[in-house]
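Hi,

Here is the structure I promised to pass on. Have a look at it first, and my notes follow below.

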Amino acid sequence: MKKIWLCMITILAVVSLSACSTSPKKDNSSSDKSFKESVSLQSESESLSKSYSISESESIERQSASISIAKSESESKSIAESSASVADSISKSNELASSSQEAAIALERNSQDTETTTASDPNSRTVYVVNNGTTNVYWYSQTAIHPIPKNPVISMTEGEALAQGLHHSKTE
């Protein structure tokens, strides 16, 4: 770009010198011609500088377009990578969820088996009696006994409680 400006300045200097140094032999038509030539040279130099600046701005636009394309490609790559990691996380969480569901189902089966065993043999179920077994009622759970007893609570099987003439509490 510096070379172009130097060339234009040189051309203008030559043209202006030729226009200024008129010999007495020349007539007005030759000075008009040199003035017209200098004006045309100036307009040519201006058009050259404009075209150069246009081409320079076009190259800058192309560079910025290529940079933005590269950025969008890198963003696309990062989005694709994050999508892949999210998909992996989702599949792992689905696997964990299915394994936890399987564990919950197994636990539920075990509790159902325990309930059926206890329901099939009510005499083997553990019950709790307050006041060292002197009351007429029993409970299946110590947390269901209200108010909280001051005397010790003993445990026995339901068969033993029934043999002593105890019955299940109506408040449980």
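**What I found**

Buried residues, meaning those under 20% relative accessible area with a 1.4 Å probe and protein chains only, make up 13% of the 172 residues in the protein chain. Please keep in mind that this is a predicted model, where local features need pLDDT of at least 70, side-chain atom pairs count only at pLDDT 80 or more, and totals for chains, interfaces and linings use all residues. Residues are numbered from 1 along each chain as its sequence is written, and side-chain values use heavy atoms, leaving out hydrogens and water.

Now the overall layout. The protein chain has three helices and four strands (DSSP runs: H or I of at least four residues for helices, E of at least two for strands). From the N terminus, their order is α-α-β-β-β-α-β. Among contacts (heavy atoms within 4.5 Å) with a separation of 6 or more, 61% join residues 24 or more positions apart.

Then the aromatic side chains. Counting rings of Phe, Tyr and Trp (its six-membered ring) whose centres lie within 6.5 Å, there is one aromatic pair. The ring centres of Tyr138 and Tyr140 are 6.0 Å apart with planes at 80°, so this pair is edge-to-face (over 60 degrees; under 30 would be stacked, and the rest tilted). Tyr138 is buried at 3% relative accessibility, while Tyr140 is partly exposed at 28% (between 20% and 50%). The charged end of Arg125 also sits over the ring of Tyr140, 4.3 Å from its centre (the rule asks for CZ of Arg or NZ of Lys within 6 Å of the ring centre and within 35 degrees of the ring normal).

Best wishes
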